[in-house]
Structure formats: C-alpha cells, structure tokens
Amino acid sequence: MANKVITRFAPSPTGYLHVGGARTALFSFLLARHFGGEFLLRIEDTDLARSTETAVHQLLDDLRWLGLNWDNTELVFQSKRLEIYNKIIDDLLKRGLAYKAYETDEELTAQRAVAEKAKRTYIYRRPQLTDDQLRAYESENRPHVVRFATPVKDYYFEDAVLGPGQGVNSTQVQDFVIRKSDGMPTYHFAVVVDDADAGITHVLRGQEHLLNTVNHIALQEALGYPRPIYAHLPVILNPQDGSKMSKRDRDKLIRQRAQNWLKTNKTSPQDLAAKTSLAVSQIEDWLKDTQKQLDIPEQQQVMSVIGLKNTDLPEILVHDFRKAGYLPEAMLNFLALLGWNPGGDRERMTTEQLIELFTIEGIGRSNAKFNREKLLAFNTEYAASTSAAHLVQAFKAYLAVNPESPLARASDEQLAKMLEMKKGFRLLRDVDESSRFLFMRDDEITYQPDAVEKVLKKSDNQGLTVLRDLRPILATLSTWNHATIESAINAYGAEKQLGLGKIAQPVRVAVSGGTISPPIFESLEFLGKENTLARIDRCLTPAL
RNA sequence: GGCCCUGUCGUCUAGAGGCCUAGGACACGGCCCUUUCAAGGCCGCGACACGGGUUCGAAUCCCGUCAGGGUCACCA
C-alpha cells in the first residue's frame, strides 16, 4: 500500500460505548496499526438533542480502558465545525446541487403513508415549486431543510468485505437532507466532509450503514472528494432472539418487566410514575412507545420500584462488562473474533498479535451472535495467565467503577492476596463478592437465610453445634495462621468423625454470611482470631 | 412489503473442487479431583438449511426454494 492508511472511529456521544461500536473501533484501530498508519477519533455530535458531554467522557474512558488509543491529540467535534459545513452547503445551494425543502414533518409522514398504502417505496425527489412560492417561503423565513439534489443514476461500489455490486440503481436514489432545520448538518453530510478533510482512506463501520454509502458517494462526487475504501462489518446479534444487539435492549427489557409489574400488581402507570417521581406522561409514553427511551438514572428509578437488579440486565455496553469485572484484554480478543478470524485454529491473541494478523480479507460476511459464555471463558483464561501485578492493576480499575465495594479500602498487597486466594476465578466481580466479608465490620455481615437454614440449622442445628464445639478450640490457639487453624479443625473432625465439609461450611457461613468464600483456613487467618470468634459468637446468640 | 446481505455442530468459526470418516473453541453430558464457588484432568455428544444441476468427484461452482438479518428519518 503506497499511501498511509488512515482510519477513524466516529461515535456519536449519546451514551456509553456499546460492544458493536467497540468492535468497529477495534477493527479500525487494528487496520491502521497493521499498516503503520493512523487511527483517528472524531465525535459526531450533530444531534443536539441526544448528544451530551458526559457521554463524550464515558466514550473516551471506555476506549482508553480497552487500550484503543487514538492518534489525534485534538478531538474533532462536528458541532464546532458548522462554519465549514455551511460554507460548503451554501456553495452547493448556489450551484443548484442542493435546494431548500419546506415540507413539515407531518407532510412527509403523510406522503410516506400514502406511498405505503399504494405499496410503493417512498422516494423523495425535488418538488416543483413555482418561483412565486419560493419567493413567498423565502420572505416569510419559513423553516426548511436543505436537501442534496442527488444526480439520478446507478450507484454501485465495491465493498472490501461484501464485494462488488453493492449499492442501488437509479430508481432508488433520493434527495436526502444534508442540513436540518436547526441548522446542523446531517450525519451524511458531516461524515463525508470530515472524512475527506482528515484524509481517511478506509471506512470500517457496521453493515447497517451499507446503503448510506450511496448518499456518501453521491456527495463525494459532487464535492470532488476521493472515495475511501468501504468495509461494512457484519452485525452483532442478540444470542436469544437473533435481533440486532443494541443499547435499546436494556430499555426493552426494563419496559417489558415494568409492564409485567403493572399487570401482576394490578396497578397503573400513574402509580409507577408516582413511585419513581417521574412525570406521568413520560412513563406513559415510554411504556407504549418502543422508540422512547429512559436515560440511565430514570431507568434506575424504575428498576428499583419494580425490583429489577443491574445484574439482571444484559451487558451490552462496554461499561457493563467493565463493571462486571472483565479484563480489557479478554474483551478485545473476544471482540476481534466477532466477525473476523486469522484463519486456522488460532483464537488466543494479544493485541500485538492481533495487529500483526489483522486484514480486511479476514473479516467475515455473516452476522454473529454475541456469545457471553465464550467471553467469560476467555476472561477466565486471561485471568489465570496474567501476571499478579497486572491483575492488581486491573482489579483497581474494576474498583474504580465499583466504588461501593468494601474492597475499595484494601491495599495493593491485600488485593493481590485476594486474587491469589481466588485463583481460578472467572470475573473480578467474583473475587470482589466472595471476599467482601473480609473487609467488612463484624456487624455489617448479613446472614443469608437459606444458608443459615441449610448449613447451620438443618439436622437439629448440626452446624451450630459444630460452631459451639469449635469456638473454644479456636479461642485457645496461640498461633493464628492457616496451618494451625487447619490442624486444629482436622483434629476436631477426626475426633467427631466429621468430614471437612461438615465443619468448613458452618464456619464459612458464620464468618461470611453465605456459602461462598475463598479457601476457609486462609480466610480465617486473614480475618484474624478476634473477628472470627466475634462472628461465631454472633451465630451462637439466640437471635439468629 | 420493496431493495440489499447472509446461511457449516446450540454458539463463534476453520474450510477457497479431491487433504473432510468436516477441524478448533465455547457451551452441554459423563467420570475424576475437591472444605464452598471456581479452576483443573480425562472421555463423550454434536453441523455442511433444502431441492435441483455442473463435475470422475462438491461443504466448496451455478440455479431455485426456504430461513435469518439489515435498510427504507430533519438518528447516527
């Protein structure tokens, strides 16, 4: 390749980065790195209503977490480039290659409805307005959009993934909007200008953009821009129903559950609105209109009312996976394999290897379902093979997005110890959740009722009896470490003819409140004698 | 519905006319290990969507059918 490869990732800041976007970013990153080119980041914030500054930070943060570093020091924000766009649009207007269109939303919807009824596709072409009408509209400053007068002809192009012959024939081209009535350019216009400005050579994006490409090509031809190489990536699908995996899936699930909740509680949207302190009209609209979405805080409010936990929601956003305790390397490796593979049996690859092996030819054409089990397996493997020091860093990054965890108080040494004790863990969250009790005060421990029942009270309080026997034995231990504890407990087990399971489980419940923990003797050593005894005493008080 | 894309184990895929009795990974099942959850070891189950061609020979090429997906915005 003679010229330098320049790729870009151009998300719109409407929320956290989702896995589809991350995959697109990764492929763009890998292609650029493979050829020693540049990988650029641009923020497409032309949708004023939906773009937020918080989302920009969230996006950058997730990208950095993944290690997808971009090369431009200055971020490009489309919202700051209005002058540039307007100059070009005005020129297009002057040259008659674009025109103002005055239809209202309602009029367009009506026209589309008519077309649909007549079973033909709605194609927007320039309406024939008389000069008088035009002058009148102009003088009354009527709201308008600017549309591109797309030259009517066939638009076919070769896609680097899908092959030649992509596009549409002349009967299907229409005049699309390039400047919205609020004065902002549309995506179609801004991408074309910005990609040309940045000298983008390869555009990698989701297959949902395939047909948009004809608009972009038409614009490039009118503007005298070169056409980049297009590579449309297969879509990432939901494993359950095979529909496109999207950010809306969480909203969808919450809506479904909310509707069920209304039904089972025989209550009204008004009630839900009152309990969540959201506007009745908003709740009503949201419940019946799947296009409407709640933002994250609003979702949380609804979830707490209807009793839905965050962990019940499907992970879709990179941030969800991050919070759940996945390692970025595992995530990247898994994402890379979603629609691409190096050929052969190769699966485990470091980022360096991915860069070396990545080619557009290796990108597949069929859509892929997002298989969380496989991601989990990848994560488990990475966790097992990563150095202790690196794992501590990853754990700290995990805690940074899970600040409520008691482990947030732990020192690096303690974190390393937790990681070591839980060797073989799948997610950092597993380490966190199963070790929390070690960092809580004795009175913060909550006892899980089913664990208490099954392990302590069953068979005529067998578990409690063990604790009562063990308490003085442990109390007299002069040296408190896992070895001394183990031999004391083994001696007790031998005397009473009890297997370790019958002894370890009651102790586990006593100190942790549940049935899952790191290895028990090391846990007790870490906890210390005083706290261990205090927790056993709590169990032996009649109140429990 | 129109237009477009895709179709190999449950899932991600290897496979570019004979290397295929179709390989790998995850999942799943069984056994082993085990103080919990995991991890680990061994064994196993399991696919070329269907129907026609072309060819000495087809998972691989062609046609049709079916199925899935994408897209039809003043969202990107």
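The surface near RNA strand B is made of 17 nonpolar, 22 polar and 19 charged residues. Here a residue is near a strand if one of its heavy atoms lies within 4 Å of it; Ala, Val, Leu, Ile, Met, Phe, Trp, Tyr, Cys and Pro count as nonpolar, Asp, Glu, Lys and Arg as charged, and the others, Gly among them, as polar. This is a predicted model, in which local features need pLDDT of at least 70 and side-chain atom pairs count only at pLDDT 80 or more, while totals for chains, interfaces and linings use all residues. Residues are numbered from 1 along each chain as its sequence is written, chains are lettered from A and ligands numbered from 1 in the order in which they are written, and side-chain values use heavy atoms, with hydrogens and water left out.

Of the 58 residues around RNA strand B, those that come nearest are Lys 180, Asn 341, Lys 422, Gly 424 and Arg 508. On the RNA side, sugar or phosphate accounts for 71% of the atoms within 4 Å of the protein, and bases for the rest.

A phosphate oxygen of RNA strand B lies 3.5 Å from a backbone N or O atom of Gly 339.

Definitions and conventions. A polar contact is a pair of N or O atoms within 3.5 Å; within protein, one must be able to donate a hydrogen and the other to accept it, and residues adjacent in sequence count only if both atoms are side-chain atoms.
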